[in-house]
Amino acid sequence: MSLRERRPGRAAEDGEDAAGAPAEPGGSDRWLSLLPWDRFSAWLHCVCVVGFDLELGQAVEVIYPPHSKLTDKEKTNICYLSFPDSNSGCLGDTQFCFRFRQSPGRRVSFCCFLDQLDRDLPVYLKKDPAYYYGYVYFRQVRDKSLKRGYFQKSLVLISKLPYVHLFRTMLKQIAPEYFEKSEAFLEAVCSDVDRWPPPIPGKILHLPVMGIIMKLRIPTYRDKPGTTPVVQNMHQADAQISMALPTVHEVDLFRCFCPVFFHIQMLWELVLLGEPLVVMAPSPSESSETVLALVSCISPLKYCSDFRPYFTIHDSEFKEYTTRTQAPPSVILGVTNPFFAKTLQHWPHIIRIGDLKLPGEVPKQVKVKKLKNLKTLDSKPGVYTSYKPYLNKDEEIVKQLQKGVQQKRPTEAQSVILRRYFLELTESFIIPLERYVASLMPLQKCISPWKSPPQLRQFSQDDFMKTLEKAGPQLTSGLKGDWIGLYRHFLKSPNFDGWFRSRQREMTQKLEALHLEALCNENLVFWSQKHTEVETVDLVLKLKNKLLQADREHLPVKTDTLKKLQTHINDIILALPEDLQDILLKTGTT
């Protein structure tokens, strides 16, 4: 049984291209009729330039397009998160990313269209309406002509999309040229983005920007976990350069985990359980990549708590996340300021990493360190925690990666091995839960067209635990240990809550769809002839509500079923007196 997301989607008759991509929502006409900057908004919220002013400090110098809306709080967060801490000493060019809360009360009118695209994404790539990502290209070089003696500026892409590799690649292409050419160049870049096709999952997309074409494919929920369809390079007849991106969202997993790879299994457990985690790193690049690697290690499960790839003392949530008056929240923070070594020393799990450079020799075994030994950010790299893993250590993956280092195996290949290891571990853990939750679904024979759809049975922790003896993770994993204890802990975590809510929603929609099909298979006109006008009108209104619900909630119903139900409704109405026909034909059409 695969952990492939089984979100009931529209059937293939709704249209897919040869690569299995869904049909363009609303058709191509919908995309062609968009207003200026609507295409841009599908990919980016805005582009910001953050500079350093001797009197004001960090300040947003440019926001493009000019009509883009950011609250003062959002601008302040962007300002501080777009510059490395002064202690990082990042001379030259540095790339990293951050994540911050969107101010409440604002909703983009274009979102309803983007939501259609969002439905075909794997759950871990779906947009979080409460957060923005910031993708940063920071430059700091000596400049004697400036009072401060340094040129310091960041080009920042603000987006709802977690496509780290795509935007990192894009910034690497445009930022150096922007620092030379300034505003007009930035306007040209944004105009290019406003001509991009929509970010449709499953389609091969060609994204031109300043003479370069990026070719990529956004994953869909239909993809088998752990597989990445190869995007081939194009042969261009003209002068444009083509770049095929192997991924839109993945980071270099092995490079990120290399400093602590003896503890990868323990770190997987901590992320799975939603434990509070701090990554202390020498620069925002290291902190942001490591946090993103941690979040991705439980894929295809979605990490449902908050995570901040780069977090500073100026962040609007600083007090909320560092208070000692309550237990640390379920969040992963990436920090670089030495101040955090003291401020967060009460946190239960701290990862201290050095520079992310691939070693030329096999990393030495590093023991888990006690938290009391972590006093400053200069402490030795390692994992500081008193956590005792539930599962026995998998020595095989460590040996396999060590052998790869000895044989100078490319880091990309090491990352593939590590990603497959995490995927198999997560699947072994979640499959028993998937199997049990599927058993909560009522039998199809219990669905009657004349009664409300039946309810799902309640999740029982005791009943689930009983299933593990014969159908537990031992069927797919050779790892020994306290799996029962791990499940008990997981069932109290935000990740279980998020996963189960998603499954509940899916199965409830499936029940609604089956109920709709049962209605379609009844002779509704014959039924109406045996009942009063009042009862018939009530039936018509209920059926119309069913159609509206199917459209609003995107129920997994075949198009033919919806057409059949609409025909039933029309036939029933036409059998009624004319005065009622006029009223009912107008009702529910808006």
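Which five strands form an open sheet with mixed pairing, and in what order? The order is β10-β11-β9-β12-β13. Strands here are DSSP runs (E, at least two residues) and helices are DSSP runs (H or I, at least four), numbered from the N terminus; two strands pair if DSSP finds at least two bridges between them.

This is a predicted model, in which local features need pLDDT of at least 70 and side-chain atom pairs count only at pLDDT 80 or more, while totals for chains, interfaces and linings use all residues. Residues are numbered from 1 along each chain as its sequence is written, and side-chain values use heavy atoms, without hydrogens and water.

At the edges of this sheet stand β10 (306–308) and β13 (382–385); each has a single partner strand, so one side of each is left without a neighbour in the sheet. Strand β12 (residues 349–352) pairs with β13 in the antiparallel sense over four bridges, and Ile351 stands opposite Val383 in β13. Helix α8 (residues 264–272) packs on the sheet, touching β9, β11, β12 and β13, where contact means heavy atoms within 4.5 Å. The direction of α8 makes about 50° with that of β13; axes are lines fitted to C-alpha atoms, for helices over the stretch in contact, and angles run from 0 to 180 degrees between N-to-C directions.

I turn now to another sheet. Five strands in the order β2-β1-β5-β4-β3 form an open sheet with antiparallel pairing. Its edge strands are β2 (57–64) and β3 (92–101). Six bridges join β1 to β5, and Val47 has Leu157 as its bridge partner in β5.
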